[in-house]
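Open your viewer and get ready to click through a few stops. Each one tells you what to select and what you will find.

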Amino acid sequence: MSAASAIIAPGSTIGILGGGQLGRMTALAAAVLGYRCHIFAPDLDPPAGQVAATTTRAAYDDFDALARFADSVSVVTFEFENVAVAAAEFLAGRVPVRPNSGALATASDRLREKRFLDRVGVATTAYAGVAGAAEAVAARAAIPGPAILKTNREGYDGKGQIRLAPGDDVAAAWRRLGTVDAILEAMVDFACEVSVVVARGVDGGVASYVPAENTHVDGILATTRAPARIAPAVAAEATRAARAVADGLDYVGVLALEMFVTRDGRVLANEIAPRPHNSGHWTIDGCIVSQFEQHVRAVCGLPLGDPERHSDAIMENLIGDQIERFPALVREPETRVHLYGKTAVRAGRKMGHVTRVFARGSLG
Ligand code: AMP
């Protein structure tokens, strides 16, 4: 057996960069398979640390702490893409890092991501890279309709974005964005937004969940419905696109591809999330093997589980003060409530989610 395909056995410790709810749910799934997790995060009392064997509190550029972390784990993964690529590259010299740091670099830069999607044959909306006010004006001439200017890096959940209507002052928008590089995208008049969560193992095998349909409020995911209400050919194209991304990145682990479905049935990729994704939370309650267990299986070199759903599902995020609905929700016997152990409530903060399951086939 080659080193690349060696199994990391239960009992070993998985290192996770990042301490949020995705790390928390990954650590819970890892525990079911007999693994320990070591969380590395700069925050005080990270949600993932509450359910992990060990937590290191340090900055992502603290290379001494990263070296000690690498020595204490058998494999490293991450739970959000804004982890410094430099940290992932440093760790990769010492311990397997899955997914690879190149995938992280591609997914954490919107322009690089769009160019990668072009290369692997996945369609996107019209876009142009922008570095400076003059380039913003030129890009706007090429993409004149409703558009959206986004920072290339560290924008997520609708942050770092300015929407532009025809006639809006693009140079002023560029200055307001306050960045050095950005991307201008044509606004898509979509029929719906969908995502496909796909796992890819060390042997290159893939397993994808059924496309899910997402709604966003203020750029933040509000609800996911699985399966999405789309034609079979559209679902097949969305699935093909997600698999092409996983193969093209030589990916190991779970990723999500977020896509728009246009009114004429085209599928346009918006964003790659190189990690388990909020739109895959329904798989905990709707599938035998959740996206989090699938991620653990992939990064540990285990065979992937079956991604088929046993139930249809609707997932609803609890954002900010929606957490106050907890007493009522927990009284609904058929609603699965998941809370992330966060004490401070802030507007836009993901505090938990609920999933309601339905007989398979009843929502599709
Ligand atoms: P993002 O941060 O790129 O995932 O954007 C957050 C949300 O903003 C998306 O899920 C869409 O609802 C909306 N959005 C972003 N880019 C576009 C676009 N080019 N056309 C239409 N809606 C968009």
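In which loop is Pro227 found? Select Pro227 and look on either side: the loop runs between β12 (220-226) and α8 (232-248). Keep in mind that this is a predicted model.

**Stop 1**

A cis peptide bond joins Ala226 and Pro227, with omega about 5°. Most peptide bonds are trans. Now select Arg98 and Pro99. They too are joined by a cis peptide bond, and here omega is about 0°. Pro99 has its place in the loop between α3 (85-92) and α4 (101-107).

**Stop 2: two aspartates with positive phi**

Most residues other than glycine have a negative phi. Select Asp45. This residue is not a glycine, yet its phi is positive, about 50°. You will find Asp45 in the loop between β2 (36-41) and β3 (54-57). Next, select Asp250. Its phi is also positive, about 50°, and it is not a glycine either. Asp250 lies in the loop between α8 and β13 (253-262). Is Asp250 buried or exposed? Its relative accessible area is 51%, so Asp250 is exposed; the cut-off for exposed is over 50%.

**Stop 3: helices α6 and α7**

Two packed helices are described by the angle between their axes and the distance between the axes. Select residues 133-142 for α6 and residues 170-177 for α7. Their axes come within 8 Å and cross at roughly 130°. That angle makes α6 oblique to α7. The crossing is right-handed. Now show the side chains. From α6, Ala133, Ala136, Val137 and Arg140 make the contact; from α7, Val170, Ala171 and Trp174 do. Six of these contact residues are nonpolar, none is polar and one is charged.

**Stop 4: helices α1 and α10**

Move to residues 21-32, helix α1, and residues 291-299, helix α10. At what angle do the axes of α1 and α10 cross? They cross at roughly 70° and come within 8 Å. That makes α1 roughly perpendicular to α10. On the α1 side, select Leu22, Met25, Thr26, Ala29 and Ala30; on the α10 side, select Phe292, Glu293, His295 and Val296. Together they make the contact. The residues of this contact divide into six nonpolar, two polar and one charged.

**Stop 5: aromatic rings**

A pair of aromatic rings is described by the distance of the centres and the angle of the planes. The structure holds six aromatic pairs. Select Phe190 and Phe260. Their ring centres are 5.3 Å apart and their planes are at 10°, so the pair is stacked. This pair links distant parts of the chain: Phe190 is in strand β9 (residues 190-200) and Phe260 is in strand β13, 70 residues apart. Phe190 is partly exposed at 30% relative accessibility, whereas Phe260 is buried at 11%.

Now try Tyr209 and Trp282. Their ring centres lie 6.5 Å apart with planes at 80°, so this pair is edge-to-face. Tyr209 sits in the loop between β10 (206-208) and β11 (212-217). Trp282 is in the loop between β14 (267-273) and α9 (283-286), and the two are 73 residues apart. Tyr209 is buried, at 2% relative accessibility. Trp282 is buried too, with a relative accessible area of 2%.

Technical notes. Residues numbered from 1 in each chain as written. Heavy atoms only, no water. Helix = DSSP H or I, 4+ residues; strand = E, 2+ residues; numbered from the N terminus. Buried < 20%, exposed > 50% of the residue type's maximum accessible area, 1.4 Å probe, protein only. Axes fitted to C-alpha atoms, helices over the stretch in contact; angles between N-to-C directions. Parallel < 35°, antiparallel > 145°, perpendicular 65-115°, else oblique. Left-handed = near helix turned anticlockwise from the far one by under 90°. Contact = heavy atoms within 4.5 Å. Nonpolar A, V, L, I, M, F, W, Y, C, P; charged D, E, K, R; others polar. Phe/Tyr/Trp six-rings, centres within 6.5 Å; stacked < 30°, edge-to-face > 60°.
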